[in-house]
Amino acid sequence: MIRWSPVGDWMGFPHLSRSEGLTHAYTLTYKITDNTAEHWTSRHIRFKAKDKAAIYGAARLMYGAVPTLIKAVGVDVKDAVFIAALSSGETEADPKRAIPHIASQCAGLVGAQSNVGALSKKVHNKIHTLFNVDERDAELAKSEYEAKKLDASNVFVFDDFITRGATLSKIATAVLAANPKATVYGVALAKTERVDWCPNPTNDQVPGKWDTLWAQGEQEAAAKTG
């Protein structure tokens, strides 16, 4: 079981199964893959499926929660940059895709820099469809992440979900290769977990205000559709 501590109403993970180059990783909830009916998990599944309402919900949640995290971590926002992980089919981040867009908007909210084009990589197959660890590592090794020189010491990498931390570690290693004095943090909606691996993972710790923010985002999506 990967243990976490509360950090400004976020789940703070000082270590993941793979943490090379990462100082800390933060998520708002768990995504429990073998309990798909669980309240937050079902939301995250819809987000992954590119459901418009879920994307709006996630965005509204992150816009409210990221400023709380940055305050709790205590970094100088003038010396911080928000970047985005890439999807398996991307060589560079599409700024219109949900996570890069959310990262950019959150940077503006807190006064940090945004550089969603900071990373590049090679196309590879989706790793979340692979269940064998060796297969996932072999596929991720094809990515060959590279990072640009960044004008900030604190680098926050935004992604949708964290499983073992392998993708974040690849990114952090690339960031540090180009920016050896940087401190790299991971930020995601949820930590993917399984009941048969992590006994009794729960989202009971998630404050009601996060639920309210997600619901508000879904209502915004419904209003736009209507």
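Trainee: How do the residues lining the second largest pocket divide into nonpolar, polar and charged?
Mentor: Six are nonpolar, two polar and five charged. Ala, Val, Leu, Ile, Met, Phe, Trp, Tyr, Cys and Pro count as nonpolar, Asp, Glu, Lys and Arg as charged, and the others, Gly among them, as polar. This is a predicted model: local features need pLDDT of at least 70, side-chain atom pairs count only at pLDDT 80 or more, and totals for chains, interfaces and linings use all residues. Numbering runs from 1 along each chain as its sequence is written, and side-chain values use heavy atoms, without hydrogens or water.

Trainee: Which element gives the most to that lining?
Mentor: α2, with five residues. Helices (H or I, at least four residues) and strands (E, at least two) are DSSP runs, numbered from the N terminus.

Trainee: Switching to α5. What should helix α5 span, and what is the distance between its end C-alpha atoms?
Mentor: It has 13 residues (166-178), so at 1.5 Å a residue it should span 18 Å. The expected span is 1.5 Å times one less than the number of residues. The end C-alpha atoms are 19 Å apart, which agrees.

Trainee: Which α5 residues are buried?
Mentor: Among them are Leu 168, Ile 171 and Val 175. Buried means under 20% relative accessible area, exposed over 50%, partly exposed in between (1.4 Å probe, protein chains only).

Trainee: And the sheet, what is the strand order?
Mentor: β1-β2-β3-β9-β8-β4-β5, open, with mixed pairing. Two strands pair if DSSP finds at least two bridges between them. β1 (5-7) and β5 (113-114) stand at the edges with a single partner each, so one side of each lacks a neighbour in the sheet.

Trainee: How many bridges join β2 to β3?
Mentor: Three, and the strands run antiparallel. Gly 12 stands opposite Tyr 26 in β3.
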